[in-house]
Amino acid sequence: QVQLVESGGGLVQPGGSLRLSCAVSGTIFSIDAMGWYRQAPGKQRELVAVITSGGSTNYADSVKGRFTISRDNAKNTLYLQMKSLKPEDTAVYYCNTDVRPLPTWGAIRYWGKGTLVTVSS
């Protein structure tokens, strides 16, 4: 069993910054890609950023230049540094990751339960 726990969400003023974390624990042989998604009220969940096991990254156009995704493989932790936050960034942010629990298993995608980010004055 694998668990993902997000933290770091909260209320921030426009122009402010937040850093989200996602700790992965459980039966883990290896972790492949990791990513952040978000879902605003009344909207579909959308990709924010992804990072491969090798460190390659990809961002949604709406967050390029403002958000930075990173990972600490030794700690099995994913991060999202968010700067210059806008009201339209308000959403529940979810992390996901592709985990191989055992060497002979294929990768399984797991999701966290989400952390709320509210950008408002």
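Me: Which residue forms a salt bridge with Arg66?

Reply: In this predicted model, Arg66 forms a salt bridge with Asp89. The closest N and O atoms of the two are 2.7 Å apart. The pair links distant parts of the chain, 23 residues apart. Arg66 is in the loop between β6 (57-59) and β7 (67-72), and Asp89 is in the loop between β8 and β9.

Me: Are Arg66 and Asp89 buried or exposed?

Reply: Both Arg66 and Asp89 are buried. For Asp89 the relative accessibility is 1%, and it counts as buried because the limit is under 20%.

Me: Which residues are linked in a network of salt bridges?

Reply: The network links Arg38, Glu46, Arg66 and Asp89.

Me: And how many salt bridges does the structure hold?

Reply: The structure holds 6 salt bridges. One of them is formed by Asp61 and Lys64, with the closest N and O atoms 3.1 Å apart.

Me: Is Asp61 buried or exposed?

Reply: Asp61 is exposed, as its relative accessible area is 64%.

Me: Changing topic to the strands. What is the order of the strands in the open sheet of 4?

Reply: The order is β1-β3-β8-β7, and the pairing is antiparallel.

Me: Which of those are the edge strands?

Reply: The edge strands are β1 (2-7) and β7, each of which pairs on one side only. On average, neighbouring strands of this sheet are turned by 15° against each other, with direction ignored.

Me: Over how many bridges do β7 and β8 pair?

Reply: Strands β7 and β8 pair over 6 bridges, in the antiparallel sense.

Me: Which residue in β8 stands opposite Ile69?

Reply: Leu80 in β8 stands opposite Ile69.

Me: Back to Asp89 for a moment. Which residues does it bridge to?

Reply: Asp89 forms salt bridges with Arg38 and with Arg66.

Terms used:
Residues are numbered from 1 along each chain as its sequence is written. This is a predicted model: local features need pLDDT of at least 70, side-chain atom pairs count only at pLDDT 80 or more; totals for chains, interfaces and linings use all residues. Side-chain values use heavy atoms; hydrogens and water are left out. A salt bridge is a side-chain nitrogen of Lys or Arg within 4 Å of a carboxyl oxygen of Asp or Glu. Buried means under 20% relative accessible area, exposed over 50%, partly exposed in between (1.4 Å probe, protein chains only). Helices (H or I, at least four residues) and strands (E, at least two) are DSSP runs, numbered from the N terminus. Two strands pair if DSSP finds at least two bridges between them. Axes are lines fitted to C-alpha atoms, for helices over the stretch in contact, and angles run from 0 to 180 degrees between N-to-C directions.
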